[in-house]
Amino acid sequence: FPFFDGLIPEGWLLNIAEYGISKIPVVGGWYSAFKGLVGTFTRMDGERGYLGTAKVPCGDGYIIGFVTKKETAQDGSATATVFVPTSPNPTTGLVFFFPEEKIEYLDITPEKAFTRIISLGTKS
């Protein structure tokens, strides 16, 4: 609409919808927590809230997690801190500390990893 050009900021409808969702009891809390969590893993400002997506050993299989920190001990061994979100609510999860040689970095985006986790593994 040429008349409104420049009068309405971009994204105003999304801002209104987001505000409405955030006011719904329970759903608003989940939405805000999930938005913050996904934002941590998908930052575009040059800072990364994670160091990569990885699969970590779990019995005879593996689980998908996000490497959030790497540390090197005085003896030279490296440890990776991995956040593993739970399914279907990825706003909760577990933090594991693995020797770095035990984890395998995956070449997938955080969005694809979250999709796989939230969908209970049915989507990849």
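Is K69 buried, partly exposed or exposed? In this predicted model, in which local features need pLDDT of at least 70, side-chain atom pairs count only at pLDDT 80 or more, and totals for chains, interfaces and linings use all residues, K69 counts as partly exposed at 42% relative accessibility, where buried means under 20% relative accessible area, exposed over 50% and partly exposed in between (1.4 Å probe, protein chains only). Residues are numbered from 1 along each chain as its sequence is written, and side-chain values use heavy atoms, with hydrogens and water left out.

The protein chain has 3 helices and 5 strands, which are DSSP runs numbered from the N terminus (helices H or I, at least four residues; strands E, at least two). From the N terminus on, these elements follow the order α-α-β-β-β-β-β-α. Of the 124 residues of the protein chain, 22% count as buried. The chain exposes about 8,800 Å², of which carbon and sulfur atoms supply 60%, the accessible areas coming from the Shrake-Rupley method with a 1.4 Å probe and, for residues, with only the protein chains shown counting as cover. Among contacts (heavy atoms within 4.5 Å) between residues at least 6 apart in sequence, 41% join residues at least 24 apart.

The structure holds 3 salt bridges, a salt bridge being a side-chain nitrogen of Lys or Arg within 4 Å of a carboxyl oxygen of Asp or Glu. In one of them, the side chains of K55 and E104 meet with an N to O distance of 3.8 Å. This pair links distant parts of the chain, with K55 in strand β1 and E104 in strand β5 (residues 104-105), 49 residues apart. K55 is partly exposed, with a relative accessible area of 23%, and E104 is likewise partly exposed, with a value of 43%. The charged end of K55 also sits over the ring of Y62, 4.4 Å from its centre; the criterion here is that NZ of Lys or CZ of Arg is within 6 Å of the ring centre and within 35 degrees of the ring normal.

A further salt bridge joins E71 and K69, whose closest N and O atoms are 3.4 Å apart, and E71 counts as partly exposed at 39% relative accessibility. In the pair formed by E100 and K70, the side chains meet at 3.3 Å, N to O. Here too distant parts of the chain are linked, since E100 lies in the loop between β4 and β5 and K70 in strand β2 (residues 61-72), 30 residues apart. E100 is partly exposed at 22% relative accessibility, and K70 is partly exposed with a relative accessible area of 43%.

K70 can also be placed relative to P99, a residue of strand β4 (residues 93-99): the C-alpha atoms of P99 and K70 are separated by 9.6 Å, although the two residues are 29 apart along the chain. When residues up to four places away in sequence are not counted, P99 touches A78 and T79. P99 counts as partly exposed, at 34% relative accessibility.

T53, in strand β1 (residues 52-58), has 3% relative accessibility and counts as buried; beyond four places in sequence, T53 touches I64, G65, F66, E104, Y105, L106, I108, T109, P110 and A113. T81, in strand β3 (residues 78-85), is buried with a relative accessible area of 8%. Leaving aside neighbours within four places in sequence, T81 is in contact with F66, V67, T68, K69, V95, F96 and F97.

With regard to aromatic side chains, rings of Phe, Tyr and Trp (its six-membered ring) pair if their centres lie within 6.5 Å, with planes under 30 degrees apart counted as stacked, over 60 as edge-to-face and the rest as tilted. By this rule the count comes to 1 aromatic pair. The pair is formed by F96 and F98 and is tilted, with 5.8 Å centre to centre and 40° between the planes. F96 is partly exposed, with a relative accessible area of 28%, whereas F98 is buried, with a value of 14%.

On the surface, I21, I24 and V27 form a nonpolar patch with about 210 Å² of accessible area together. Patches are made of residues with over 30% relative accessible area and no salt bridge, like charges being joined within 9 Å and nonpolar side chains (Val, Leu, Ile, Met, Phe, Trp, Tyr) within 5 Å. I24 lies in the loop between α1 (12-22) and α2 (27-41) and counts as partly exposed at 41% relative accessibility.
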